[in-house]
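Please find below a colleague's note on the structure. The sequence and the model are shown first.

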Protein chains: 2
Amino acid sequence: MAGKVLDLSETLNKKPLYEQIADSIEEAIIYKGEAASKLPSEMALSAQFGVSRTIIREALKLLQARGLVEIRVGGGAFITKPESEDVSELLLRIVQMDRIEDKDVYEIRIILEVAAIREAAARISDKELELLDSQVDGMEAAKGDLAKRVEMDCEFHCLIAKYSGNSMLSLLVESMTGVLRKFIIAGIKSPGGNEDGIEKHRAIIAALRTRDPEAAVQAMTAHLDRSWNNVRSQMSLFNQSN
Amino acid sequence: MAGKVLDLSETLNKKPLYEQIADSIEEAIIYKGEAASKLPSEMALSAQFGVSRTIIREALKLLQARGLVEIRVGGGAFITKPESEDVSELLLRIVQMDRIEDKDVYEIRIILEVAAIREAAARISDKELELLDSQVDGMEAAKGDLAKRVEMDCEFHCLIAKYSGNSMLSLLVESMTGVLRKFIIAGIKSPGGNEDGIEKHRAIIAALRTRDPEAAVQAMTAHLDRSWNNVRSQMSLFNQSN
DNA sequence: CAAACACAATCTGTACGACAGGTATACAGA
DNA sequence: TCTGTATACCTGTCGTACAGATTGTGTTTG
């Protein structure tokens with residue numbers, strides 16, 4: 001009679017406290033949180049949820065890995081939006097652990113970027129074309145600086161995806177870029193790959209300028225096919241000499 | 001003169017201990033770990049790395065969120081491979097927080113699945129065609145059980161992606177399925193959507209059986225276009241009545 | 001008056017100890 | 001041989017304590 005009442009909610013909530021708290025905070029972030037705003041301190045959250053600071057910290061670690069918060073030492077936890085970079089990291093791990101073949105990964109690049117440029121060609125503005133121009137100018141200027149050259153190359157392709165007008169497509173292309181970076185580097189390092197790449201990028205812009213989707217697709221396909229050949233030869237060389 | 005010697009290693013290692021430990025364990029998992037194998041206990045890791053159990057626990061939380069380990073109460077931490085489900089969760093958060101439009105998301109589905117079926121048509125085996133048949137049989141049998149019907153529908157599309165022979169494409173289609181689930185549900189719930197879907201799936205198999213890529217693409221496109229119309233009308237209804 | 005410096009409050013990082021509760025293994029008994 | 005129980009092991013949770021980083025404030029100085 002005087003026994004404790006069975007708490008069924010606890011029977012179902014097998015999940016440890018730190019996960020429940022993490023999910024609870026995540027929900028609050030997604031539905032009510034503004035980016036860059038500061039979360040209460042660990043002490044405050046501890047009091048607010050009625051759990052120890054340990055739990056709050058472990059929950060924040062989960063959220064940090066989910067890309068939802070950024071924790072600054074001595075500063076606090078700030079809300080951040082998960083980005084394509086987070087997707088890239090995750091995909092990269094899967095690619096490595098599942099030993100997904102290079103050609104399979106590169107083929108996705110072709111599928112996505114061809115789809116992107118097809119849509120971009122029909123809707124790109126003059127201003128956006130100019131931005132692409134200056135991007136290639138930057139690539140040419142950074143011809144000697146591999147890191148910068150690579151970064152601007154990646155940005156070029158991401159820009160086209162952005163100009164497709166499809167945010168999801170843009171997100172995926174950006175995510176794939178993180179996975180593809182090693183290929184892009186190999187392509188630039190391959191004999192003549194640096195100059196050839198720049199030339200092909202200009203051809204892509206020229207095709208876009210005609211607003212003819214199929215011409216743009218063809219220019220992009222030509223670039224990616226050539227690039228893949230360069231990548232393959234460069235990487236097989238690397239593997240042999242390694 | 002008697003000032004402390006600058007410790008450059010510490011200058012570079014700005015990252016907190018728990019992150020360093022997490023990265024260290026991650027590297028070990030990726031390069032030397034076998035799936036399902038058990039990690040040392042928190043106490044053992046604590047001693048091994050020379051840090052407190054607190055740090056180990058927080059590091060494990062990071063790895064848990066990265067999809068690299070699964071922590072069982074009283075059992076221990078086990079190595080797991082990150083899966084498409086993890087990608088789905090991440091993409092779903094981004095889609096929600098960035099308010100990416102439904103049509104943009106659905107369009108990616110079309111792009112990926114059309115690419116998948118094009119490759120699958122050229123290489124699918126008789127046995128795989130039979131498996132697709134039985135999958136649709138299952139969908140028909142589960143016509144009344146929405147949850148099961150949805151799951152088998154998703155599996156059907158993932159199977160085709162798998163039969164494309166491209167692991168990366170398969171991964172992305174599976175990941176997108178997690179994001180698209182609400183659309184698939186809406187499509188089935190729309191008037192006639194359930195039966196129509198099953199019929200269209202059979203048409204897809206028939207097209208695949210001819211091994212004609214373009215015929216298969218057309219069947220898939222017809223299905224996805226029709227489905228999208230159903231989804232839109234169903235979701236706008238839902239939104240109005242909500 | 002303004003700028004730079006110093007101090008104080010706040011917050012995260014890290015460590016240690018303790019106990020509850022879940023899991024699995026090994027041993028004993030039927 | 002099978003079953004059930006006891007035990008060792010392991011994660012979950014809590015509390016305290018202190019170091020180090022950051023930020024804001026107030027004072028001092030040019």
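1. The model is predicted. Chain A and chain B touch through 46 residues of chain A and 46 residues of chain B.

2. The area buried between chain A and chain B is about 4,300 Å², and carbon and sulfur atoms give 69% of it. On the side of chain A, Arg93(A), Met97(A) and Met168(A) lose the most area to chain B, together 16% of what that side buries.

3. Eight salt bridges are counted between chain A and chain B. One of them joins the side chains of Lys81(B) and Asp98(A), at 2.9 Å from N to O. Across this interface, 12 residue pairs are in polar contact.

4. Five helices of chain A, namely α2, α4, α5, α6 and α9, each supply at least two residues of the side that touches chain B. The largest share, nine residues, comes from α5(A). By class, this side of chain A has 26 nonpolar, six polar and 14 charged residues.

5. DNA strand D is surrounded by 21 residues, and the closest are Leu17(A), Ile55(A), Glu42(B), Arg53(B) and Arg57(B). Sugar and phosphate make up 74% of the atoms of DNA strand D that come within 4 Å of the protein.

6. Which atom of Leu17(A) is 2.4 Å from a phosphate oxygen of DNA strand D? It is a polar backbone atom of Leu17(A). In Arg57(B), by contrast, a side-chain N or O atom is 2.8 Å from a phosphate oxygen. A polar side-chain atom of Arg53(A) lies 3.5 Å from a base nitrogen of DNA strand D.

Technical notes
Residues numbered from 1 in each chain as written. Chains lettered and ligands numbered in written order. Predicted model: local features only at pLDDT ≥ 70, side-chain atom pairs only at ≥ 80, totals over all residues. Heavy atoms only, no water. Contact = heavy atoms within 4.5 Å. Buried area = accessible area lost by both parts, 1.4 Å probe. Salt bridge = Lys/Arg side-chain N within 4 Å of Asp/Glu carboxyl O. Polar contact = N/O pair within 3.5 Å; in protein donor to acceptor, adjacent residues only side chain to side chain. Helix = DSSP H or I, 4+ residues; strand = E, 2+ residues; numbered from the N terminus. Nonpolar A, V, L, I, M, F, W, Y, C, P; charged D, E, K, R; others polar. Near = heavy atom within 4 Å.
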